[in-house]
Amino acid sequence: MATYAELAQSVISGQRDQVKDQVTSLIAAGKSPLEIVSEGLIAGMDVVGVRFKAGDMFVPEVLMSARSMTGGLEIVKPLIAAADQKSNGKILIGTVKGDLHDIGKNLVSMLIESGGFEVINMGVDISTEDFVDASIKHEPDIIALSALLTTTMPAMKDIIDSLKEKGLKDKVKVIIGGAPVSQEYAESIGADGYAPDAGSAVELCKQLLGL
Ligand code: B1M
């Protein structure tokens, strides 16, 4: 059986097949899927983030790490998702316009789903219009917005403003997350909440819907 440190190292070095084998071996050994995600997969991506920032890793390598992490997530997802549970509510989630980061957003999506919610994951680079249209079409209880770039954060405000203009904001809660955003930012743009990580996002959804 692999250790969490070895799994994290495989994510850092972008060894997708090795990550998948190690996740499989950890599951077979009875380790908790959530622990595999936090102690192995996220721990590895945390190091990637630090090295990317320091200029010790470059975009192609970061993409290899991201692909490896996704490979591992795909294996644990069915074990975490509570498929036959009654839905606690409907959540629309996506990364805002101009932003292609989706690892954290997908993690949030996965945990929210495992928290018993129906999730519509719109993907990345989603325009304000598409969020508003999807809100009309799917009538979600909550819209969860992700942004990883300081340059794309303002799109969150645009979405909230647009929902208000169209008279839709009182029908849906909007929550935000992603490394550059904060509770203060959420309050300043009129969001209903901010979650610093995937676990908190599940709690926030439950709290906002009175569950
Ligand atoms: Co980019 N990138 N990136 N990147 N990237 C960051 C974000 C950056 C901080 C790196 C750095 O310079 N230190 C920096 C942003 C600087 C800034 O704006 N302040 C940056 C940059 C500059 C860029 C480019 C501009 C680089 C370039 O091309 N010159 C470019 C932009 C592309 C674009 O989006 N238009 C770019 C590209 C990329 C890759 C494509 C190479 C890749 C993304 C791959 C992918 O997502 N499929 C990538 C990556 C991987 C990163 C870092 C290294 C890691 C992000 C990540 O996946 N973390 C990141 C550095 C860092 O964050 N330390 C960086 C792991 C993930 C689990 O955490 O996403 O934070 P995170 O999600 C957390 C929470 O934030 C929260 O919960 C998650 C789980 O706990 N959360 C939510 C997230 N969304 C939420 C939504 C919610 C609630 C909680 O809803 C309510």
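Which residue forms a salt bridge with Asp192? It is Lys169, and the closest N and O atoms of the two are 2.8 Å apart. Asp192 sits in the loop between helix H8 (183-189) and strand E5 (193-194), while Lys169 sits in the loop between H7 and strand E4 (173-177), so the pair ties together parts that are 23 residues apart in sequence. A salt bridge here is a side-chain nitrogen of Lys or Arg within 4 Å of a carboxyl oxygen of Asp or Glu. Helices (H or I, at least four residues) and strands (E, at least two) are DSSP runs, numbered from the N terminus.

A quick word on what you're looking at. This is a predicted model, in which local features need pLDDT of at least 70 and side-chain atom pairs count only at pLDDT 80 or more, whereas totals for chains, interfaces and linings use all residues. Residues are numbered from 1 along each chain as its sequence is written, and side-chain values use heavy atoms, with hydrogens and water left out.

Back to that first pair. Lys169 is buried, with a relative accessible area of 13%, but Asp192 is partly exposed at 29%. Buried means under 20% relative accessible area, exposed means over 50%, and partly exposed is in between (1.4 Å probe, protein chains only).

How many salt bridges does a search of the whole structure find? The count is 4. One of them joins Lys97 and Asp125, whose closest N and O atoms are 3.7 Å apart. This pair links distant parts of the chain: Lys97 is in the loop between strand E1 (90-95) and helix H5 (103-114), and Asp125 is in the loop between strand E2 (118-121) and helix H6 (128-138), 28 residues apart. Lys97 is partly exposed, with a relative accessible area of 45%, and Asp125 is partly exposed too, at 30%.

Now for a salt bridge inside a helix. The side chains of Lys157 and Asp161 meet at 2.8 Å, N to O. Both residues lie in helix H7 (residues 154-165), 4 residues apart, or about one turn of the helix. Lys157 counts as partly exposed at 36% relative accessibility, and so does Asp161 at 24%.

Next, the ligand. Its cobalt atom has His101 (NE2) as the only protein donor, at 2.2 Å. Donors are N, O and S atoms within 2.8 Å of the metal (3.2 Å for Na, K and Ca); water is not among the atoms, so sites may look incomplete. His101 lies in the loop between E1 and H5. A nitrogen atom of the ligand is also 2.8 Å from an N or O atom in the His101 side chain.

A backbone N or O atom of Leu100 lies 2.6 Å from an oxygen atom of the ligand, and a polar backbone atom of Ala179 is 3.3 Å from an oxygen atom of the ligand. Helix H3 (33-54), helix H4 (59-80), H5, strand E3 (142-146) and E4 are the elements that give two or more residues to the shell around the ligand. By class, that shell has 19 nonpolar, 8 polar and 4 charged residues. Ala, Val, Leu, Ile, Met, Phe, Trp, Tyr, Cys and Pro count as nonpolar, Asp, Glu, Lys and Arg as charged, and the others, Gly among them, as polar.

Ser109 lies in helix H5 and is buried, with a relative accessible area of 6%. A polar contact of 3.5 Å joins its side chain to that of Asn121. Such a contact is a pair of N or O atoms within 3.5 Å; within protein, one must be able to donate a hydrogen and the other to accept it, and residues adjacent in sequence count only if both atoms are side-chain atoms.

Ser10, in helix H1 (residues 4-12), is buried at 1% relative accessibility. Its side chain makes a polar contact of 3.1 Å with the side chain of Gln18. Not counting residues up to four places away in sequence, Ser10 touches Gln15, Gln18, Val19, Gln22 and Ser68, where contact means heavy atoms within 4.5 Å.

Ser25 lies in helix H2 (residues 16-28) and is partly exposed, with a relative accessible area of 23%. Leaving aside neighbours within four places in sequence, Ser25 is in contact with Met1 and Ala2.
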